[in-house]
Amino acid sequence: MNTFIRSITTLITLFVLLNACATQPTAEQPETMASEEAASNTGETVATTGDCEDGFRLVEHEFGTTCIPAQPERIATNVETLVTNLLLLGIQPLTGPEDQAGWNAPYTSLFPDNVSIEDITDSGMTESTNLETLLLADPDLIITYEYSGETYYDDFSEIAPTIIVERGENSDWRERFAREATYVGRETEATEVISRYEAALEELKGFTDVDIAFVRRPEQGTFRLDAEGSFPASVMEDAGLNTVTAPEGVGEFDGSTISNISEEHLDILTDAELIVTPDWRAAGFSEEPDLIGLSEFALWETLPAVQAEQVLVVPGPVYNGGNYAAAQLLVEAIAEAVATFESVQSAQAVDTCDDGFRPFAHAAGETCVPENPQRIVTTQDQNALLPLLELDVKPIGSTGLLQTDGTHIFRRVADFDTADIEFVGDYGEPNLESIAALQPDLIIGSPFQSDIYDSLSAIAPTVLIDVHERALDEALLDFAELVNATEQAETLKAEYEAHVAELLETLGDRREQTTVSIITPGGESGQFYNEAGSQATGTVVQALDLLRPIPEQGPEPDREYRSLELLDEHDADAMIIVSYTGEEQDPLFDEFVNSPILNALDVAQAEQVYIIDGLSVVGAGWSKMNTFIGELERILLDPRLDVDIVQE
């Protein structure tokens, strides 16, 4: 204990003598009896010795029960958030920590006119409170948080009745504010504060489809992402907006609400329409804020929100204030930003196109495209080249698969003539120079290439067509509209739907009696993933409404790798394993299909495991869906198929 704390008894004696000489004495402070354990500052319950004296009321708090003034008038604290909350309630605290001015600067416009931060005496920082300051302030009530009370509760209680408010992992900032308002008898004022916040929330109600990421200052090469349960995420939850968080297993949690994530996972922020980050140096909203190291990440500039200038920097106390003032200002700032971004997007929408062009909506926005494109380049083979070839449209160039021997192939298009199509790089890394050399009038790709969208658009009008997040039979119509082949596509769609209807009728009740698992070996040794999540296989499975094992039900991502030890969860009446060995992509395929775990399954014992060629059933094409239906006919209509392997 330092010299000052050892002299606290002397100061208290002086304080009592001064009060005894005063012409207007304060209300007598009730005596509080503490147990020996409580006196050791362990946080055990402290109880009063009975009823409170006149003018006092008994309240329960984190360290027990205490008699406090019925209407406290001189309140002291050593916590910045409590200073803010008291000011919001129209109470000017006597004391507060030394950084109170900077901390509260963003909020001052929300405080009642009868309070200010100018006359609040410095209490010292929360972890090093100046007890003499609190004593000389002559409070009739002291409020602090649990982490400070564990150190100072006994000392504070010698000065004035003291209340401890919890602020732990399970403590919500809204609940704390409500308790604090009750302690100081300002419930009506609290209702007004909450009403202003709820009114601000209404400004965001129309943007519930906006995904927002909250990113903090990078530390040691990582960026820090606020997760569910953090203050900004809780505010977005109130507004009905989604907060972008790290997938399970990615990053390391720092405490309970912040995840430290390496730069290589910066693509987590790809889906964020708005990125919000704090500037702890700024007392107010800066016109030219510093991105505080984020811009030093090489991949930062590739993020769609960054490219669209949809990054909002807010003062640190607003970003993580833990109070209604911060929450209201955060909501107002985001509402203004989103409205601005929306107007920017609207301004970027195509109103008119030059002669010979027309507007076309796609995954990256809206683009003026040629009415009759003649020189098309695709940056995806199986997901862009294939659907065009099915429509009898032959691009002049396309990416493909660069094989280990230095040659290339265009995936999934073996049934089509590709002799005159120029190879313009691997599908994962298109060669921009090769594309530009072909002088295309239209480039077609997928959202996987959104990071180079601007570069592609600088060469020629570029559209990105998504074939993963929706039914493939719908996505394929976009390709047809783009190249004026809608009538042909409608014919292909009708043939596909007739094929589906025929199989449904033939299957009859057998469809409801047969469980089908569809998987593919992939990732590392001993891993696999759910094949029928989207594209051709997924669209057919959904159209037929096939029974699937539980892990394969619902919108599970295609590439969510699972361990071989979990394969028993995929046991079924029929197991279909999709192979890509024809494209040098399955070096571990034989190891997988010969594994003891697979062959111990009931479906394997019944010899009802079927291997089909992925090259024939996977890809963005009507032919792939029809081929897969044919494979299902062969398997599910086999009279030898035992449909009682597993219990449906």
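This is a predicted model: local features need pLDDT of at least 70, side-chain atom pairs count only at pLDDT 80 or more; totals for chains, interfaces and linings use all residues.
Local features here need pLDDT of at least 70 and side-chain atom pairs count only at pLDDT 80 or more, while totals for chains, interfaces and linings use all residues. Residues are numbered from 1 along each chain as its sequence is written, and side-chain values use heavy atoms, with hydrogens and water left out.

The protein chain holds 24 helices and 28 strands; these are DSSP runs numbered from the N terminus, with helices (H or I) of at least four residues and strands (E) of at least two. Of its 648 residues, 51% count as buried (buried is under 20% relative accessible area, exposed over 50%, partly exposed in between, with a 1.4 Å probe and protein chains only). The accessible surface comes to about 30,200 Å², and carbon and sulfur atoms account for 46% of that (areas come from the Shrake-Rupley method with a 1.4 Å probe; for residues, only the protein chains shown count as cover).

Side chains of opposite charge can pair when their charged atoms come close. A salt bridge is taken as a side-chain nitrogen of Lys or Arg within 4 Å of a carboxyl oxygen of Asp or Glu, and the count by this rule is 13. One of them joins Asp478 and Arg470, at 2.6 Å from N to O; Asp478 is buried at 18% relative accessibility, whereas Arg470 is partly exposed at 31%. Another joins Arg511 and Asp545 at 3.7 Å. This pair ties together distant parts of the chain, 34 residues apart: Arg511 sits in the loop between H18 and strand S24 (516-521), and Asp545 in the loop between helix H19 (535-544) and strand S26 (562-563). Arg511 is buried at 18%, but Asp545 is exposed at 52%.

Glu631 and Arg634 also meet in a salt bridge, at 2.8 Å. Both belong to helix H24 (residues 622-636) and lie three residues apart, so about one helical turn separates them. Elsewhere, Asp172, Arg174 and Asp238 are linked in a network of salt bridges.

Then there is the backbone. Most residues other than glycine have a negative phi. Asn484, however, has a positive phi near 60 degrees; Asn484 lies in the loop between helix H17 (472-482) and helix H18 (486-507) and is partly exposed at 44%. Glu607 has a positive phi too, about 60 degrees. Glu607 is placed in the loop between helix H22 (602-605) and strand S28 (609-613), and is exposed at 70% relative accessibility.
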